[in-house]
Amino acid sequence: MADDKKQPDSASELDQSNDDIALADVKSEVSEQKDADIYDDEGRIRSDFRKSVAASLDASDVDALNQFVEGLHESELGDLIESLKPERRQKLVELLGDSFDFAALTEVDEAIRVEIVDAIPNQDVARAIGEMDSDDAVFILEDLDEKDRQEILEYLPFIERVRLKRSLDYPEDSAGRRMQSEFVAVPPFWTIGQVIDYMRIDKDLPERFSQIFVIDATYKLVGDIELDRILRTKRHVRAEDIMNDSIHPIPAQMDQEEAAIVFEQYDLLSAAVVDHNDRLVGVLTIDDVVDVIHEEAEEDIKALAGVGDEELSDNVMAAFKSRFTWLFINLVTSIFASVIIGLFDATIQQMVALAILMPIVASMGGNAGTQTMTVTVRALAVKDLDIYNAGRIILREAAVGLLNGVIFAVLIGVVSAVWFGNIDLGVVIGIAMIINMISAALAGILLPLILDKMGFDPAISSTVFVTTVTDVIGFFAFLGLAGYWFGMM
């Protein structure tokens, strides 16, 4: 009896049949996963979700892909993009076309963002950027080559182009670069009724805002009004009668980290950004400030390790360039420490135990110095350490160094005396430990303060110098004391 089902007539038809089955499997998974949390218990993109998206990309199934990414927040889409292979990232953007949310590119590493944008025609980039908030648009534009950036700007309407150019003219990492150019501003003589009617009618208002600004005829900022205050005020009351004149405007030239400190100090949700003439040019919002705090903390951590602005998505050469400079400086300073050891080569030859024990003194001092340095660098960054409390903090760190030095001197002294059966050796290493722990504490706070005073970034340049100081003093103190104590010099 013949089979009612039609059989494939060739190998090509069989392959096509298998592809159709794979597509059907992908589509069946969409309905099950689209409403589920895309993250696993550890906060990573779920493996099954990523594989399903990858399958829809490999099959060029636009419908399935749209259902997978539909409803994802821009940050979730950014995490998904980062989890995909480079060729699939590009294909995702291509398949989604106009439905791709360009704001997701503000959530990915710079290298990935530039890689994706470079593969898209500038005219299409301009069309997408024209629909974004100005702060997000600037975030994408600032990483592009000057030629591409100018071409993209030329495609934009005149007013939008002027806004973005003004933000891009401000220094990198300044409040002007971070600000949003869209805001609501009214004159002081308007009534609350006029303000409400204006917000209802005007179609060019920002999508989200929590306050309106009051400006005079020259656009100078004179106050602000929270939206909840407007809702509780009668329509005939004038704006100047209820505005808050105790405002904290952010100069556009101010460093973004300093702006974040202002937000923290005054518990702000948003703040006006003004130019050098105190004219309102934009608004800085808490979501951008949270990003700034995260970036600055990450930057400090990377700087302390000497890796610059390296990202996980960087290629080999970029990572190599990021790390080479400070590794080379570290090599030079290590040679200096080795020279100090070389001065006591005769002492070491006569007593091998010194060679075994001397790394302990240097290592303990290095760790203690790094602890103090880390606290100091962060205190400088958030303005907690200044000329008024520096003396007290220096004394505190010296006392901590002394206390740690005494405790660890006793411990290592006893261990060394028992280990080598030489009480004098235990005394020598104990004294060297105290000297180096105090020196490490002082170096950990004084070097960042001096570098900061000289205009250098202490987060970048402190680590190598603090380590050098602790190594040199540790070796010199231990070997010098040993040579004097045992009469070997």
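**Cavities**

I looked up the second largest cavity and noted about 30 Å³ of space in it. For a cavity I used a 1 Å grid over the protein atoms alone and took a set of points where a 1.4 Å probe fits but cannot get out; lining residues have an atom within 4 Å of a point. Grid points were joined across faces, edges and corners, and a volume is the space filled by probe spheres set on the points.

The model is predicted, so I kept to its limits: local features need pLDDT of at least 70, side-chain atom pairs count only at pLDDT 80 or more, and totals for chains, interfaces and linings use all residues. Residues are numbered from 1 along each chain as its sequence is written, and side-chain values use heavy atoms, with hydrogens and water left out.

The lining of the second largest cavity consists of A175, R178, Q256, A259, A260, L284, V289 and V292. Two or more of these residues come from each of α11 (175–178), α15 (256–266) and α16 (286–305). Element names follow DSSP runs, numbered from the N terminus: helices are H or I with at least four residues, strands are E with at least two. The most is given by α15, with 3 residues. By class I noted 6 nonpolar, 1 polar and 1 charged in this lining. In these classes Ala, Val, Leu, Ile, Met, Phe, Trp, Tyr, Cys and Pro are nonpolar, Asp, Glu, Lys and Arg are charged, and the others, Gly among them, are polar.

How many cavities of 30 Å³ or more does a search of the whole structure find? I noted 2. The largest cavity has a volume of about 40 Å³. I found it lined by N330, T333, S334, A337, T467, T468 and D471. At least two lining residues come from each of α17 (316–342) and α22, and α17 gives the most, with 4 residues. The lining of the largest cavity divides into 1 nonpolar, 5 polar and 1 charged residues.

**Second largest pocket**

Which element gives the most to the lining of the second largest pocket? I noted α10, with 4 residues. The class count for this lining is 14 nonpolar, 2 polar and 13 charged residues.

**Sheets**

Two strands count as paired if DSSP finds at least two bridges between them. Strand β5 (residues 270–274) runs antiparallel to β6 and is joined to it by 5 bridges. I looked up A271 and found its bridge partner in β6 to be L284. L284 also lines the second largest cavity.

The other entry is an open sheet of 3 strands in the order β1-β2-β3, again with mixed pairing. Here β1 and β3 (221–226) are at the edges with a single partner strand each, so one side of each is left without a neighbour in the sheet. Strand β2 (residues 211–215) and β3 run antiparallel and are joined by 5 bridges. In β3, E226 is the bridge partner of Q211.

**Helix packing**

I then looked at helix α19 (residues 352–381) against helix α21 (residues 423–453): the angle is about 30° and the axes are 8 Å apart. Axes are lines fitted to C-alpha atoms, for helices over the stretch in contact, and angles run from 0 to 180 degrees between N-to-C directions. The angle makes α19 roughly parallel to α21. Angles under 35 degrees count as roughly parallel, over 145 as roughly antiparallel, 65 to 115 as roughly perpendicular and the rest as oblique. I recorded the crossing of α19 and α21 as right-handed. A crossing is right-handed if the near helix is turned clockwise from the far one by less than a right angle, and left-handed if anticlockwise. The contact of α19 with α21 has 21 nonpolar, 6 polar and 1 charged residues.

Last, I took α21 with helix α22 (residues 458–485): their axes come within 8 Å and cross at roughly 155°. The two helices α21 and α22 are therefore roughly antiparallel. I noted this crossing, too, as right-handed. The contact of α21 with α22 divides into 22 nonpolar, 7 polar and 2 charged residues.

Technical notes
1 Å grid on protein atoms, 1.4 Å probe; cavity = no way out; pocket = protein on both sides within 12 Å on 5 of 7 lines; lining within 4 Å.
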